[in-house]
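This report describes the strand order of a sheet, the helices packed on it and one further helix.

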Amino acid sequence: MKIAFFGTKPYDRPWFEKLSPESGQEITFFRPRLTKETAPLADGHRAVCAFVNDELGRDTLEILKKVGVELILLRCAGYNNVDLEAAHELDLTVLRVPGYSPEAVAEHAMALAMAANRRLHKAYNKVRDNDFSLTGLTGVNLYGKTAGIVGTGKIGQAMINICRGFGMDVLAYDPYPVSGLGVKYVSFKELLEQSDLISLHCPLFPETYHIIDSKAIDCMKDGVILVNTSRGGLIKTEDLINGIKAGKFHAVALDVYEEESGLVYEDRSDDILDHTTTARLLSFPNVLLTSHQGFLTKEALRTIAEVTLDNAEAYENNRVLKNAVS
């Protein structure tokens, strides 16, 4: 099978180059991300390989179908960027990588929480300027505090284990509780009211869109730490900014944000950003942003390549498509 690989980066290409000969797949690597403008590049390929920042709306999918694509291989777990209704109408199969490395994302979530809490981003820059003062660097102990985990899939479960290791009490919210975790499930409102650290680990669906808005923020404790490593659309950015300005948060740590399209995975260091809300977030001293890198470990990259190529093999050989998105 010929696969058009979009959004090629130096960190993911080597794994696919190493493993694709074993799977018998032929990959053409393209640097641009997949959009309706770049979709014609897939001409002559049966499949495309896409990532979280690619645009797989109806217009893009119609072009892909027209040039002969049958299969959408998502090298990620989320699929909110895919118009599934259009894919079904066009008879395009969509396969994903549901669990590449839960620990990678959960560990990054805790790293973000710790760094934002103890202002490590500020401390690093201060010391580089020979400023060894401690002003503005005061954090809080996590030991003995309450962590609220929103979403208890594999990543949420990994985060629960990490929080327990820090000596935290853990509350959880999920419409579909997982038995045997030994964690206390509460309502979403109770979790907001009782948690000192809130970490989001749920997919972006219509029912979770802007799950963190002004109403939710008003329910939170003063001085709460908020972490999001899932999808930017879970948080209503304007409401978050208002909450930060009002002094509601001790720290906010985001690996994902609503305006990340066109920013993440790209070097924009010489550009003037026209994304005003992202620039506003970056202006707050208690806010830490990273570039949607929660997945970025060697172990996760290898698993992503293995599962993606196995998905292609399964489709080609008419095996059960266990990672299909319906």
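The model is predicted, so local features need pLDDT of at least 70 and side-chain atom pairs count only at pLDDT 80 or more, whereas totals for chains, interfaces and linings use all residues. Residues are numbered from 1 along each chain as its sequence is written, and side-chain values use heavy atoms, without hydrogens and water.

Seven strands form an open sheet with parallel pairing, in the order β8-β7-β6-β9-β10-β11-β12. Strands (E, at least two residues) and helices (H or I, at least four) are DSSP runs numbered from the N terminus, and two strands pair if DSSP finds at least two bridges between them. The edge strands, each pairing on one side only, are β8 (184-185) and β12 (287-289).

| Parallel pair | Bridges | Source of pairing |
|---|---|---|
| β7 and β8 | two bridges | DSSP |
| β10 and β11 | five bridges | DSSP |
| β11 and β12 | three bridges | DSSP |

L171 lies opposite K184 in β8, L226 opposite V252 in β11, and L254 opposite L289 in β12.

In β11, six of six residues are buried, that is, under 20% relative accessible area with a 1.4 Å probe, protein chains only. From β10 the chain passes through α9 to β11 in a right-handed β-α-β crossover; with the strands pointing away from the viewer, such a path from the first strand over the helix to the second runs clockwise.

Helix α11 (residues 298-316) has 19 residues. Its buried residues include L301, I304 and Y315. Just after α11, N318 takes a positive phi of about 60°.

Definitions and conventions:
Expected span 1.5 Å × (residues − 1). Buried < 20%, exposed > 50% of the residue type's maximum accessible area, 1.4 Å probe, protein only.
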